[in-house]
Amino acid sequence: MTPGARYTNVKHPMKISHEEYLELKRKRAVEVAAGMLDGSIHYLEGAIELSSLRFEVGLPEDDKDFLAFTGVSSETDHLPIGSVRQHWSQDALNRHEPEIQKSIKWAKEVSLSECKSIVERFNA
């Protein structure tokens, strides 16, 4: 066997440009923000995802819209939100539910306009 012959059928991941990458991440930010606004995405789960997208969309790290979700994510990181819920007992989930509902209300108060702004900015 010639050197490298066994790798000739290896598929390489699709390569995209930096601009295409930013566009994909911005589209995802719009999907998440729009879902948060229409209720199809849990508001706190969406806030966590938008916070994680903060450095992926090509904006300054102090962008007002994304910073709002970083704050929400930080203030709610002790709560059972998203996939981690599967590791919590039903009793613990029930005990935390009032705080989750209170946190959703607060999160909307401090970030709803930023959520709308993300949709407007990147939904071109």
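Biologist: Leaving aside its neighbours within four places in sequence, which residues is aspartate 65 in contact with?

Modeller: This is a predicted model, in which local features need pLDDT of at least 70 and side-chain atom pairs count only at pLDDT 80 or more, while totals for chains, interfaces and linings use all residues. Residues are numbered from 1 along each chain as its sequence is written, and side-chain values use heavy atoms, with hydrogens and water left out. If contact is taken to mean heavy atoms within 4.5 Å, and neighbours within four places in sequence are set aside, then the partners of aspartate 65 are Glu114, Ser117, Ile118 and Arg121.

Biologist: Is aspartate 65 buried or exposed?

Modeller: Aspartate 65 is placed in helix 3, where helices (H or I, at least four residues), like strands (E, at least two), are DSSP runs numbered from the N terminus. A residue is called buried under 20% relative accessible area, exposed over 50% and partly exposed in between, with a 1.4 Å probe and protein chains only. The relative accessible area of aspartate 65 is 6%, so this residue counts as buried.

Biologist: Which side chain joins that of aspartate 65 in a polar contact of 2.6 Å?

Modeller: A polar contact is a pair of N or O atoms within 3.5 Å; within protein, one must be able to donate a hydrogen and the other to accept it, and residues adjacent in sequence count only if both atoms are side-chain atoms. At 2.6 Å, the partner of the aspartate 65 side chain is that of serine 117.

Biologist: What distance separates the end C-alpha atoms of helix 1?

Modeller: The expected span of a helix is 1.5 Å times one less than its number of residues. Helix 1 covers residues 18–38, so its 21 residues should span 30 Å, and this agrees with the separation of its end C-alpha atoms, which is 30 Å.

Biologist: Which helices do the buried residues of helix 1 pack against?

Modeller: The residues in question are Leu22, Ala29, Val30, Val32, Ala33, Gly35 and Met36, which are the buried ones of helix 1. They pack against helix 2 (43–53), helix 3 (64–76) and helix 4 (90–122).

Biologist: Which residues does serine 73 touch, not counting residues up to four places away in sequence?

Modeller: Serine 73 lies in helix 3, and with a relative accessible area of 16% this serine is buried. Once residues up to four places away in sequence are left out, serine 73 touches Ile48 and Ser51.

Biologist: With which residue does glutamate 49 form a salt bridge?

Modeller: A salt bridge is a side-chain nitrogen of Lys or Arg within 4 Å of a carboxyl oxygen of Asp or Glu, and a search of the whole structure finds seven of them. In the one that glutamate 49 forms with arginine 28, the closest N and O atoms are 2.7 Å apart. Because glutamate 49 lies in helix 2 and arginine 28 in helix 1, the pair ties together parts that are 21 residues apart in sequence.

Biologist: How many residues apart are aspartate 63 and arginine 121?

Modeller: The side chains of aspartate 63 and arginine 121 meet in a salt bridge, at 2.9 Å from N to O. The pair links distant parts of the chain, since aspartate 63 is in the loop between helix 2 and helix 3 while arginine 121 is in helix 4, and their separation in residues is 58.

Biologist: Which residue does lysine 105 pair with in a salt bridge of 3.2 Å?

Modeller: Lysine 105 is found in helix 4 and counts as exposed at 56% relative accessibility. With the closest N and O atoms 3.2 Å apart, the partner of lysine 105 is glutamate 109.
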